[in-house]
Amino acid sequence: MVTTQMIVTMLVGLVAPIFISLITKASTSGQVKGVLLALISAVVGIGQGFLDTPPGEVWQWQLAVFYAITAFITGVATFFGLLQPVNS
């Protein structure tokens, strides 16, 4: 079952590489951009983990890790699939 949190995580993963490309210079290394994407993904994962935990229950860190990994993988796929020029 697809939840609203999953959709938001995927959308952030799609938008994050575009946002990072806009705020960094073209000469910025790929490592710096990767770290920025990882940080954004971690913040999204932690936020979604808190939002997905019902009130009165213990925070589920497994959900936060899942959402962070999902956002990061979506962001990397977006970068290499849409933003990188195709060499043909």
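Mentor: Let us begin with a term that we shall need throughout: contact means heavy atoms within 4.5 Å. Please keep in mind that this is a predicted model. With that cut-off, the cover over the buried residues of α2 includes α1 and α3 (61-83).

Trainee: Which residues of α2 are buried?

Mentor: A residue is called buried when its relative accessible area is under 20%. In α2 this applies to Lys33, Leu37, Ser41, Val44, Gly45, Gln48 and Gly49. For the chain, buried residues make up 26% of the 88 residues.

Trainee: How many helices and strands does the chain have?

Mentor: The chain contains three helices and zero strands, and the order from the N terminus is α-α-α. The C-alpha trace spans about 50 × 25 × 15 Å along its principal axes.

Trainee: What span does α2 have, and what span is expected?

Mentor: Helix α2 has 23 residues, and the distance from its first C-alpha to its last is 32 Å. At 1.5 Å a residue, 33 Å is expected, and the span of α2 is close to that.

Trainee: At what angle do α1 and α2 pack?

Mentor: Helix α1 covers residues 4-23 and helix α2 residues 30-52; their angle is about 160°, and their axes are 10 Å apart. Angles over 145 degrees count as roughly antiparallel, so α1 is roughly antiparallel to α2. The crossing of this pair is right-handed.

Trainee: Which residues make the contact of α1 with α2?

Mentor: From α1 come Gln5, Val8, Thr9, Val12, Ala16, Pro17, Phe19 and Ile20, and from α2 come Lys33, Leu36, Leu37, Ile40, Val44, Gln48, Leu51 and Asp52. By class, eleven residues of this contact are nonpolar, three are polar and two are charged.

Trainee: How are α1 and α3 oriented to each other?

Mentor: Their axes come within 8 Å and cross at roughly 45°. Roughly parallel requires an angle under 35 degrees, and roughly perpendicular requires 65 to 115; α1 and α3 are therefore oblique to each other. Their crossing is right-handed.

Trainee: Which residues of α1 and α3 meet?

Mentor: On the α1 side they are Gln5, Met6, Thr9, Met10, Gly13, Leu14, Pro17, Ile18 and Ser21. On the α3 side they are Phe66, Tyr67, Thr70, Ala71, Thr74, Gly75, Thr78, Phe79 and Leu83. The contact of α1 with α3 has ten nonpolar and eight polar residues, with no charged residues.

Trainee: Is threonine 74 buried or exposed?

Mentor: Threonine 74 lies in helix α3. Its relative accessible area is 12%, so threonine 74 is buried. Leaving aside residues up to four places away in sequence, threonine 74 touches Met10, Gly13 and Leu14.

Trainee: And is phenylalanine 50 buried or exposed?

Mentor: Phenylalanine 50 has its place in helix α2. Exposed means over 50% relative accessible area; phenylalanine 50 has 51% and is therefore exposed. From C-alpha to C-alpha, phenylalanine 50 is 7.6 Å from alanine 64, and the two are 14 residues apart in sequence.

Trainee: What share of the contacts in the chain joins residues 24 or more positions apart?

Mentor: Among contacts with a separation of 6 or more, such pairs account for 62%.

Key:
Residues numbered from 1 in each chain as written. Predicted model: local features only at pLDDT ≥ 70, side-chain atom pairs only at ≥ 80, totals over all residues. Heavy atoms only, no water. Axes fitted to C-alpha atoms, helices over the stretch in contact; angles between N-to-C directions. Helix = DSSP H or I, 4+ residues; strand = E, 2+ residues; numbered from the N terminus. Left-handed = near helix turned anticlockwise from the far one by under 90°. Nonpolar A, V, L, I, M, F, W, Y, C, P; charged D, E, K, R; others polar. Expected span 1.5 Å × (residues − 1). Buried < 20%, exposed > 50% of the residue type's maximum accessible area, 1.4 Å probe, protein only.
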